[in-house]
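Me: I am new to this structure and would like to go through it step by step. Could you take my questions in turn?

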Amino acid sequence: MDVSSLNQKHEEMLHKYVKFVQGTVYTATEGYDSSKFLDFNEIIANIIKYTNSFNKMLGSSSRRTEWAYMTPNLILYATIGFLSGVKNDENSDLIDELSEDLFETTVDFVGETTDILDDIQQKEEMQRKILTNHKTQNEHNN
């Protein structure tokens, strides 16, 4: 799956997160026919296509943060909706447990994404300072 990411670490995190979510839904749909799980995978593929397109449309880093949180938010909402749709009296406890794990994993993912965004912003600020200082020094030398 080709997924837009902030950097290599973020790409690895995204793939791991998607696999976790797919595992969650697979567990929730074990008592159903395989089409339920395949339907969910189509939802995930559409979310990835949408966020990849949104990233291409941005063109600048001013809305990078908004885009970086789109994938986990959309996947979380889609998965919770899907889990609610397969929840019944027989699997209620399992679905509640899977939902709780999903929330915790998503919060962790968002926290790690925030750390990556902070690192990127710090690097960009340092580069701006270096370029500004270099430009100022060149102007003084001329």
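Me: At roughly what angle do the axes of helix 2 and helix 3 cross?
Reply: In this predicted model, helix 3 covers residues 64–86. Its axis and that of helix 2 come within 10 Å, and the crossing angle is roughly 165 degrees.

Me: How is helix 2 oriented relative to helix 3, roughly parallel or roughly antiparallel?
Reply: The axes of the two helices cross at roughly 165 degrees, and the crossing is right-handed. Angles over 145 degrees count as roughly antiparallel, and therefore helix 2 and helix 3 are roughly antiparallel.

Me: How many charged residues does the contact of helix 2 with helix 3 have?
Reply: On the helix 2 side the contact includes K36, F40, I44 and F54, and on the helix 3 side it includes R64, E66, W67 and F82. Divided by class, the residues of this contact are 15 nonpolar and four polar, and the charged ones number three.

Me: What is the handedness of the crossing of helix 1 and helix 2?
Reply: Helix 1 spans residues 8–28 and helix 2 spans residues 34–58, with axes that come within 10 Å and cross at roughly 155 degrees. That angle makes the two helices roughly antiparallel. The handedness of their crossing is right-handed.

Me: Which class has eight residues in the contact of helix 1 with helix 2?
Reply: From helix 1 the contact takes V18, V21, Q22, V25 and Y26, while helix 2 supplies F37, F40, N41, I44 and I48. Among these residues two are polar and no residue is charged, and the class with eight is nonpolar.

Key:
Residues numbered from 1 in each chain as written. Predicted model: local features only at pLDDT ≥ 70, side-chain atom pairs only at ≥ 80, totals over all residues. Heavy atoms only, no water. Axes fitted to C-alpha atoms, helices over the stretch in contact; angles between N-to-C directions. Helix = DSSP H or I, 4+ residues; strand = E, 2+ residues; numbered from the N terminus. Parallel < 35°, antiparallel > 145°, perpendicular 65-115°, else oblique. Left-handed = near helix turned anticlockwise from the far one by under 90°. Contact = heavy atoms within 4.5 Å. Nonpolar A, V, L, I, M, F, W, Y, C, P; charged D, E, K, R; others polar.
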